[in-house]
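Let's walk through this structure together, one question at a time. Keep the picture open while you read.

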Amino acid sequence: MAVLSIRIIGDPILRTPAATVTNFGPELEKLVADMTETMLDVQGVGLAAPQIGVGLSVFTYSIDGFEGHVVNPVLEVGETLQQDGAVEGCLSVPGLGNFLERAEWARVRGQDVHGEPVEVEGTGMLARCLQHETDHLRGTLYIDRLRGEEKKVAMRAIRSADYNSVAGQTAAQRAKTLGSSFISASAAGPAGAQGRAENSGRRL
């Protein structure tokens, strides 16, 4: 297994829909193992293959004791929205976190590394993760779903020189230490410049 570099916003692969996996075998098993190790190394709760530069429809997750992966996921969501006002962040958009409405319940159906059927269903943070990672496989980032003031705050932060500095520091830190790819909320600077800090410190 290996800890891999995570692509940051601006990389074209994050905007490219992932290809359906058709070959199941040792290479896919290694990919999932590397993704899982990378996700845990950066203290994330989810990671999609495009985030490590692989354009395949695969994601891993690790939330509250639920850990696994899904290949070629198909997402289904409920109509009720989460009511906890959760802040969502992303491993590929370092230093930012924004309030984003997501469905309270979600389910994905897909396959495991052996091509066998797999189904993951949950509410709360698990449902948020399933929606977030499936979005990645469509070439969509969480910031694309923001609305109103949250969208303005995020876009302003991403356009700022301070954000470019945070993104550069993040990449340099990972290249040097292979540790957590995220700085603390206090190091990220004021919310007006870097968006809102995610209280849990976890990224998808």
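Q: Which strands does H2 lie across, and at about what angle does H2 run to S2?
A: Quick background: this is a predicted model, where local features need pLDDT of at least 70, side-chain atom pairs count only at pLDDT 80 or more, and totals for chains, interfaces and linings use all residues. Residues are numbered from 1 along each chain as its sequence is written, and side-chain values use heavy atoms, leaving out hydrogens and water. Helices (H or I, at least four residues) and strands (E, at least two) are DSSP runs numbered from the N terminus, and axes are lines fitted to C-alpha atoms, for helices over the stretch in contact (heavy atoms within 4.5 Å), with angles from 0 to 180 degrees between N-to-C directions. H2 lies across S1, S2, S3, S6 and S7, and its angle to S2 is about 160 degrees.

Q: What is the order of the strands in the open sheet?
A: Two strands pair if DSSP finds at least two bridges between them. The edge strands, pairing on one side only, are S1 (46-48) and S7. Pairing in this five-strand sheet is antiparallel, and the order is S1-S2-S3-S6-S7.

Q: Which residue stands opposite Val108 in S7?
A: S6 covers residues 105-111 and S7 covers residues 117-123, and they pair in the antiparallel sense over seven bridges. They form a hairpin with five residues between them, and Gly115 in the turn has a positive phi of about 85 degrees. Opposite Val108 you'll find Val120.

Q: What is the bridge partner of Val58 in S3?
A: Here we look at another antiparallel pair, S2 with S3, which are joined over six bridges. In S3, Val58 has as its partner Val71.

Q: How far apart are the end C-alpha atoms of H1?
A: H1 takes in residues 26-41. The expected span of a helix is 1.5 Å times one less than its number of residues, so the 16 residues of H1 should span 22 Å. The model agrees, with the end C-alpha atoms apart by 22 Å.

Q: Is Asn72 buried or exposed?
A: Asn72 is found in S3. Its phi is positive, near 55 degrees, in a residue other than glycine. With a relative accessible area of 14%, Asn72 is buried.

Q: Is Asp64 buried or exposed?
A: Asp64 is in the loop between S2 and S3 (66-77). Although Asp64 is not a glycine, its phi is positive, about 45 degrees. Since its relative accessibility is 59%, Asp64 counts as exposed.

Note on methods:
Buried < 20%, exposed > 50% of the residue type's maximum accessible area, 1.4 Å probe, protein only.
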